[in-house]
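I opened the file to look up the sheet, the aromatic contacts and a few helix residues. My entries follow.

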Amino acid sequence: MSLVLDSSITLAWIYGDETTEPVRRVFEALSEGGAWVPGIWHLEVANVLEMGVRRKRHNAKFRDATLSDLAQLPIQVDAETDRQAWNVTLRLAESHGLTLYDAAYLELALRRNLPLATLDEDLRAAARTEKLTLLGA
């Protein structure tokens, strides 16, 4: 099963102290069926890992190894997300009170008719309203 993966669940998988059984199941599904992400996903994940280095949660070696491991997963970047930013994504952000960043994941899941894997409560609430299948919690 393919799915849309957001940064919150990715980071919960990366940091073992935040990993739960539902998070593990998402990554098992991802390994079998792949995942889609908007381009912002790379920036969000890398930013949190870099902030972890600066805050001494982990070192640069951990950051770099983690990014290398993530690059090996069957994750596809959706090329259409940017084109939706000023119309569908903006409307979703407005109607659900989301950031445009979070609305990009919602728009992608809706457009591709895929389950959304997220731990973000606001995004989960919006996905429920839109009748999307949710994974991760």
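I take helices as DSSP runs of H or I with at least four residues and strands as runs of E with at least two, both numbered from the N terminus. Lys61 lies in helix α4.

Before reading further I noted that this is a predicted model, where local features need pLDDT of at least 70, side-chain atom pairs count only at pLDDT 80 or more, and totals for chains, interfaces and linings use all residues. Residues are numbered from 1 along each chain as its sequence is written, and side-chain values use heavy atoms, with hydrogens and water left out.

Entry: accessibility of Lys61. I count a residue as buried under 20% relative accessible area, exposed over 50% and partly exposed in between (1.4 Å probe, protein chains only). Lys61 has 69% and is therefore exposed. I also looked up its C-alpha distance to Ala93, 32 residues apart along the chain, and found 36 Å.

Entry: the sheet. I call two strands paired if DSSP finds at least two bridges between them. Five strands form an open sheet with parallel pairing, in the order β3-β2-β1-β4-β5. The edge strands, each pairing on one side only, are β3 (75-77) and β5 (134-135). Strand β4 (residues 116-117) pairs with β5 in the parallel sense over two bridges, and Ala117 stands opposite Leu135 in β5. Helix α6 (residues 100-112) packs on the sheet and touches β1 (3-5), β2 (35-37) and β4; contact here means heavy atoms within 4.5 Å. The direction of α6 makes about 170° with that of β1. For such angles, axes are lines fitted to C-alpha atoms, for helices over the stretch in contact, and the values run from 0 to 180 degrees between N-to-C directions.

Entry: aromatic pairs. I pair rings of Phe, Tyr and Trp (its six-membered ring) if their centres lie within 6.5 Å; planes under 30 degrees apart count as stacked, over 60 as edge-to-face and the rest as tilted. How many aromatic pairs does the structure hold? I found two. Trp13 and Phe27 have ring centres 4.1 Å apart and planes at 5°, so they are stacked. Trp13 lies in helix α1 (residues 7-14) and Phe27 in helix α2 (residues 21-33), so the pair ties together parts 14 residues apart in sequence. Trp13 is partly exposed at 32%, while Phe27 is buried at 4%.

Tyr15 and Phe62 are also stacked, because their centres are 6.1 Å apart and their planes at 20°. Tyr15 is in the loop between α1 and α2 and Phe62 in helix α4 (residues 60-71), 47 residues apart. Is Tyr15 buried or exposed? I read 6% for Tyr15, so it is buried; Phe62 is partly exposed at 29%.

Entry: charges over rings. I require NZ of Lys or CZ of Arg within 6 Å of the ring centre and within 35 degrees of the ring normal. The charged end of Arg57 sits over the ring of Tyr15, 3.6 Å from its centre. Arg112 lies over the face of Trp36, at 3.5 Å from the ring centre.

Entry: Glu107. This residue is in helix α6 and is buried, with a relative accessible area of 3%. Leaving out residues up to four places away in sequence, I found that Glu107 touches Thr81, Gln84, Val88, Thr89 and Leu92.

Entry: helix α7 (residues 121-129). Leu123, Arg124, Ala126 and Ala127 are buried there. The face of α7 turned away from its buried side carries the exposed residues Glu121, Asp122 and Thr129.
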